[in-house]
Amino acid sequence: MPFENRIHRVALIEDDGPLRTLLSRHIRQSGFETRGFASAAEFGAAAAESDFDVVILDVMLPGTSGLDVCRWLRQRSNVPIIFISAKSSHTDRIVGLELGADDYLVKPLDPGELVARIRSVLRRANGPVTEMGAEVGIVRFANWRMDQRRRELYAPDGSRVSISEAEFDLLIVLCGMPQRVVGREFLLEQSRDRLSSRNSGDRSIDVLISRLRRKLGTSEGGRDLIRTVRGVGYVFTPVVER
Amino acid sequence: MTSTFRLWPHGFTGRVTLVLLFAVIVQFIAGSLLAGADEVDIQRQDLGRRLAEQLLVAEQVIKAAEPAEQARLLATLSTHHVEFALVEGPPPVATSVDPAAADILSSIVAWEPSLAQHSMQLTVASSSGLELRRNLEGALSLGGDRWIVFRTLEPIAGWVAALGISLRVGVIALIVLGTAGLLVRTMSAPLRQLSNNAQMIGTSRIQFEETAGPRELREVSRALNTMQDRIEGLIAQRTHALVAVGHDLRTPLARLRLRVPAITDEDDREAAQRDIAEMSRMLQELLDYFDVGESGREAGPVDIASLSFAVAEEFSDLGASVTYEGPERLIVPAFYDPLRRAISNLVDNSVKYGGAARLSLAEHPDGVELTVRDEGPGISPEELDRVRLPFERLDAARGAMQPGIGLGLSIAQRAADQHGGTLVLRNRRPHGLAATLILPAD
């Protein structure tokens, strides 16, 4: 895959000095080129002359807030943005995502998870799956609606269906390859990659698939959305619209 | 002492009505007495005047008549009301000290002053043993031993005559009392409304009417509104401070988490990681507590069945034994995140103290009923209510020290309140706890 071939540049905007140093070090150790900025102004000056592949943004910054930086960035580019914030409320999360951020992590963040999320947003930004209109992040299939950024799933009648993080990630992968046979190994690899430290290792793909089927099956015909191809893998049968 | 208190009603309407009743009774008695006395007076005067006129006629008749005819003529003067007779001899009627007789006598003389030249005697005689029927008897001297004796055939006016008046006054008094009672009731309606609303202070924001009703109540309403503003402000200030500290602690905690991998001793590193995880959970719990109920999003249809088994699966993945029984699909209007936190906290509580949890979902007359059961030690009955209060933990009763800051059930309670539902905690037999969340269907 092309995005593995060069070193990606990560901008980290975080006003707390020690945390910035620690996070930069960790991200660097994970194979990214990292630059830290203490304020929106510092970042603004640097952003004019160099491109970043991912921007990690603290929400609460002195002066110009992270939300303003996000808005400013979105007017210029589609660079993936990950918020890191001390605020965990649903409203804060939604506000961040509404502004066009790609992900929202709450402090104290798991360093491994941060790196996994960086990889994930990079894949989404570069991969073929999200080429068209992935900005909105809404995926539809068989009258179901899936909000990729908010990580919410709605049944055909509009009711919210509860789904775990791992199942959601699996569904994203399936939606990316509709009406094709998807190998079990590929799914396993994809979900491991996406989930990283979220302890999903010991859960087999089959368990995840059966849980996902159960939840999709709560609406009529939902159970047939994922078909098993014996010995090979699965087919996600509906037409997927974005 | 207690009996006095019983007579004195507790309600405003009762008290005012009682005061009114007292006033009306006083008015009734006084009115009856005055009107009754007047009536008696009028009747006696009237009787006196009639007697005066008849006596004058009788006197003239006697004067003009032949002596032989006198007795017969006088008898013909008798009417249905008074009979007359001519008597010769000593005064046939004893002089009386009865005030009624004296009254009537003075009335006779006042009406026909010419009669004053004759000697006249009046007395009141009871025809029956009772004092009720009293007739007037009298004699008018014609000079010498001759007397015109007269006797009324009807009883003279006494207190019985006043009875009719009293009855009428009484009826009016009752009508006044009834009307006033109704008016007081109407007037006290805003007061009752105010007190009902005041009962709700603290559960939700109550807006008291400041522009309608009597002035005093408007002032009370204004005072209550201001009081609520102050309390809300105070609470908001404290909450804000607590939440800010919660947020601020997360940054150093994030630094700590990144520094932990540098610890070389494996045991120390793992212990430090556990500590950080626990601190994170506590902060999360605190911030969740303040976040639930504040959630600005609208309630939407939520599949509570999938939510329940998703929570069960989540705990199962962490190694706990959590099962779900119930429908595969059940839609309720709900705030998704608070509801999820509530269910998750109830399950977490059961797993912590009971080792395992059984989730069951069913329809309920009011909506839906989600129950989480465990077989732990339960909660002693006197602590069942206390345990929902924030920061209350029952370490002694429920076994070993458990992580958390005692907000789990409070969060569930808050979520139940937010949905207009209820959280019922009860102990199971032989032991264990059943926590039931009842959510309205609309």
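**View 1. Overall make-up of chain A.**
In this predicted model, chain A is built from eight helices and 13 strands. Of the 242 residues in chain A, 41% are buried. When the contacts in chain A with a separation of 6 or more are considered, 57% of them are between residues 24 or more positions apart.

**View 2. The contact between chain A and chain B.**
Chain A brings 28 residues to this contact, and chain B brings 34 residues. On the side of chain A that touches chain B, at least two residues are supplied by each of α1 (17-29), α4 (90-98), β9 (160-161) and α8 (205-216) of chain A. Among these contributions, the largest share is that of α1(A), with five residues. Sorted by class, the side of chain A that touches chain B consists of eleven nonpolar, ten polar and seven charged residues.

**View 3. Helix α6 of chain A.**
The buried residues in α6(A) are A166(A), E167(A), D169(A), L170(A), L171(A), I172(A), L174(A) and C175(A). As a guide to viewing such a list, residues three or four places apart point the same way, because an α-helix has 3.6 residues a turn.

**View 4. Two cis peptide bonds, one in each chain.**
In chain A, the peptide bond that runs from K107(A) to P108(A) is cis, and its omega is near -5 degrees. P108(A) sits in the loop that lies between β5 (103-106) and α5 (111-126) of chain A. In chain B, R429(B) and P430(B) are joined by a cis peptide bond with an omega of about -5 degrees, and P430(B) is placed in the loop between β10 (422-427) and β11 (433-440) of chain B.

**View 5. Two loop residues of chain A with positive phi.**
N143(A), a residue other than glycine, has a positive phi near 70 degrees, and it belongs to the loop between β6 (138-141) and β7 (144-147) of chain A. N143(A) counts as partly exposed because it has 14 C-beta neighbours inside 10 Å. R151(A) is likewise not a glycine, yet its phi is positive at about 55 degrees; R151(A) is located in the loop between β7 and β8 (152-154) of chain A. With 17 C-beta neighbours inside 10 Å, R151(A) also counts as partly exposed.

**View 6. A five-stranded open sheet in chain B.**
The five strands of this open sheet in chain B follow the order β6-β8-β9-β11-β10, and their pairing is mixed. At the edges stand β6 (321-325) and β10 of chain B, and because each has a single partner strand, one side of each is left without a neighbour in the sheet. On average, and with direction ignored, neighbouring strands of this sheet are turned by 15 degrees against each other. Within the sheet, strand β8 (residues 356-364) and strand β9 (residues 367-373) of chain B pair in the antiparallel sense over seven bridges, and A362(B) stands opposite E369(B) in β9(B).

**View 7. Helices lying across strands of chain B.**
Helix α8 of chain B, residues 304-317, lies across β6, β8 and β9 of chain B and runs at about 160 degrees to β6(B). Helix α10 of chain B, residues 408-418, lies across β10 and β11 of chain B, and the angle at which it runs to β10(B) is about 140 degrees.

How values were computed: Residues numbered from 1 in each chain as written. Chains lettered and ligands numbered in written order. Predicted model: local features only at pLDDT ≥ 70, side-chain atom pairs only at ≥ 80, totals over all residues. Contact = placed C-beta atoms within 7 Å. Helix = DSSP H or I, 4+ residues; strand = E, 2+ residues; numbered from the N terminus. Nonpolar A, V, L, I, M, F, W, Y, C, P; charged D, E, K, R; others polar. Buried ≥ 20, exposed ≤ 12 C-beta atoms within 10 Å, placed from the backbone. Pairing = 2+ DSSP bridges. Axes fitted to C-alpha atoms, helices over the stretch in contact; angles between N-to-C directions.
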